[in-house]
Amino acid sequence: MSAENEPRAPKSEQTRALILETALRLFQERGYDKTTMRVIAKEAGVSVGNAYYYFAGKEHLIQGFYDRIGADHQRAVREVLDRETDLEARLAGVLRAWLDVAGPYHEFAAQFFKNAADPDSPLSP
């Protein structure tokens, strides 16, 4: 199927993805604390109310980030798990896939991963 014939995601999914992409870019450029929902909405070209419709707050955007990186990792390891039968090779492949998936987010995501381990943090999944 050619790209022009592929079904497009519904507009609501496209809007949600746009808000998430914009937020991740702004978190990387400005830092999490200096990025407000208002700025994210403005940069994404949506109303503040629309941004809050999809994400109740910044911490929910981080949950969206966790969901995305987890899904990306799951897709990346499928080939390894289908191909490898040895436990050591499977574990090594899963870890390499994680490093590949998480690599682009390394510079700005450290604060999110640190907070993920803290059950009292609003950024904890």
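This is a predicted model: local features need pLDDT of at least 70, side-chain atom pairs count only at pLDDT 80 or more; totals for chains, interfaces and linings use all residues.
## Helix α1

Helix α1 runs over residues 11–30, 20 residues in length. Its first and last C-alpha atoms are 28 Å apart, close to the 28 Å expected at 1.5 Å a residue. The buried residues of α1 are T15, I19, L20, T22, A23, L24, L26 and F27.

After α1 comes G31, which has a positive phi near 95°.

T35 lies in the loop between α1 and α2, the latter spanning 37–44. T35 counts as buried because its relative accessible area is 0%, against a cut-off of under 20%.

The T35 side chain reaches two backbone oxygens: that of L26 at 3.4 Å and that of G31 at 2.7 Å. L26 is itself one of the buried residues of α1, and G31 is the residue with positive phi that follows the helix. Apart from neighbours within four places in sequence, T35 is in contact with L26, F27, R30, I40 and K58.

## Packing of α4 and α5

Helix α4 (residues 58–83) packs with helix α5 (residues 87–102) at an angle of about 145°, and their axes are 9 Å apart. The crossing of α4 and α5 is right-handed.

On the α4 side, the contact is made by I69, D72, H73, A76, V77, V80 and L81. On the α5 side, A89, R90, G93, V94, A97, W98, V101 and A102 take part. By class, this contact has 11 nonpolar, two polar and two charged residues.

Conventions:
Residues are numbered from 1 along each chain as its sequence is written. Side-chain values use heavy atoms; hydrogens and water are left out. Helices (H or I, at least four residues) and strands (E, at least two) are DSSP runs, numbered from the N terminus. The expected span of a helix is 1.5 Å times one less than its number of residues. Buried means under 20% relative accessible area, exposed over 50%, partly exposed in between (1.4 Å probe, protein chains only). A polar contact is a pair of N or O atoms within 3.5 Å; within protein, one must be able to donate a hydrogen and the other to accept it, and residues adjacent in sequence count only if both atoms are side-chain atoms. Contact means heavy atoms within 4.5 Å. Axes are lines fitted to C-alpha atoms, for helices over the stretch in contact, and angles run from 0 to 180 degrees between N-to-C directions. A crossing is left-handed if the near helix is turned anticlockwise from the far one by less than a right angle, and right-handed if clockwise. Ala, Val, Leu, Ile, Met, Phe, Trp, Tyr, Cys and Pro count as nonpolar, Asp, Glu, Lys and Arg as charged, and the others, Gly among them, as polar.
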